[in-house]
Amino acid sequence: MDLKKRKRVWNEIEDVNADFFNLRTVIKPSADDDLSRFYFAMSPNDGALAHMTVVGCFYIPDKYPESPPVVHVYTMTGRYNVDAYHDTQSRTWSSLCFDILRSKRAGGAWRPEYTISSLFASVMSAIVSFYVPQQHGPVRPEYVSMEKLEVVKRDAVSVYDRYKHLVPSLPSIPLVEATMVPAEQMSFPDTIKAEGNKKVTSGPIYLQDPDQSVQTFAVDLSQLHSGIVFSVILSNSKNDLVGKKPGTILVRNGVTATAARKRANDTTQWFYHGKPMNDGDMRLHVTIGRDQMTMAYYSGGRLYVHGDCPVSRLSAGQIGDVRGVPFHVHIFLIQKSGEPAEITLLDTEGKGYIHVARDDAGDTHADNESDFGFELVDGSEVAEAVEQIREQERVLADQDRLKRGGDGELATSRSKVGKDELTDAMLKMSIGTDETERNT
């Protein structure tokens, strides 16, 4: 690779690292003499791998940028296009099945004006999107079952442990702190037992009504295990929880972070929102009002917006004009395997927690037709974060050289993580959190 191309590559890598709060990706060069190889770490914000670390490497070909980088994701994501050729270690063929990873000359979509940033934006989108584009035919939905969720999380821990001495560290990400508003606590039983199938339904509430008080409830999910399905559904139907009937209107989210929204006479749109809800001692606060359905969770004594934004806005632009239509909130539990579990309703003390956007004026917000639970975080601390990455890498590189006597080879044995150790291991591999308030 000539000097001009090498300079372009380095500039593009610096762009990726400087835009961490949007791309959630950090790249570092290989520690050996291979100038074409780079390692990366990613931290998805939604879905099965939310707040975990996805790792891999990529190679810059001699014909770059006419030819795209060759990318290998070491972490099994459970996404068909990402895991398609997982076992390959080729320097000329990616382990992912993406059009952007083939040049137009080879029948793909890559163009010389594309950058490493655009490439990793595509990879991240494939990891967190519910609907996956296919080379032939319509998009393909990829559901995350409870069993699949457990396997994906366990593999992510094991693979990170195997490659952590090679991949870059991730800086802390500021979480979006929820805003407290006065709210009326919804009436549910003090405890709900997940034994078989269980559905508990609230009384009627009315949306898009300025006279309707904000409604809220909070639950302790610490007893949830991998055999228990938990969902919260806001719907105008008392029995259609997934939107099979044309007239059903709903917004929902569940334990696997698989959420949905449906307007009347439309199809249900599924998407991933936030992190799974059975990753330990989660206390979840659900608030409906101010034209939004927002979930918040406790961490370090504060409440943060689950998924960094509302599950959905509840304005006419998102769910249609529903003034005067009674809605109900359903708490739905399924015991698929294992012992029965119990969730406990908590006292909300008259407080609800919502998401307030930066451009809001008071309590109002503009409708956004494309708001499906995805929101990019604007990073005002980018420069500081990048310097933090560099300092961490200098320290870790020195430590690794001392441990291995300068040898930078890959570890060859996969670490085994026991079931009881999974949560602790996830915490160790997960990105840190900056508990500074950020209303984005």
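Is Arg290 buried, partly exposed or exposed? The close-ups below are taken from a predicted model.

**View 1. Arg290 in the loop between β18 (283–289) and β19 (292–299).** With a relative accessibility of 29%, Arg290 counts as partly exposed, because it falls between the limits of 20% and 50%. The phi of Arg290 is near 55°, a positive value in a residue other than glycine. Most residues other than glycine have a negative phi.

**View 2. Asn265 in the loop between β16 (258–262) and β17 (269–272).** Asn265 also has a positive phi, near 60°, and is not a glycine. Its relative accessibility is 67%, so Asn265 counts as exposed, the limit being over 50%.

**View 3. The cis peptide bond between Tyr64 and Pro65.** Omega is about 5° here. Pro65 belongs to the loop that runs between β3 (54–59) and β4 (70–73). Most peptide bonds are trans.

**View 4. The largest nonpolar core, with 44 residues.** Ile27, Phe58 and Ile116 are the members that touch the most others. Two or more residues each come from α1 (3–18), β2 (37–42), β3, β4, α4 (116–128), α5 (146–163) and β17. Helix α4 supplies the largest share, eight residues.

**View 5. Surroundings of Ile27.** Neighbours within four places in sequence are left aside. Ile27 is then in contact with Ile13, Val16, Asn17, Phe38, Tyr39, Phe40, Phe58, Ile116, Phe120 and Pro168.

Methods
Residues numbered from 1 in each chain as written. Predicted model: local features only at pLDDT ≥ 70, side-chain atom pairs only at ≥ 80, totals over all residues. Heavy atoms only, no water. Helix = DSSP H or I, 4+ residues; strand = E, 2+ residues; numbered from the N terminus. Buried < 20%, exposed > 50% of the residue type's maximum accessible area, 1.4 Å probe, protein only. Core = buried A, V, L, I, M, F, W, Y, C linked by side-chain atoms within 4.5 Å. Contact = heavy atoms within 4.5 Å.
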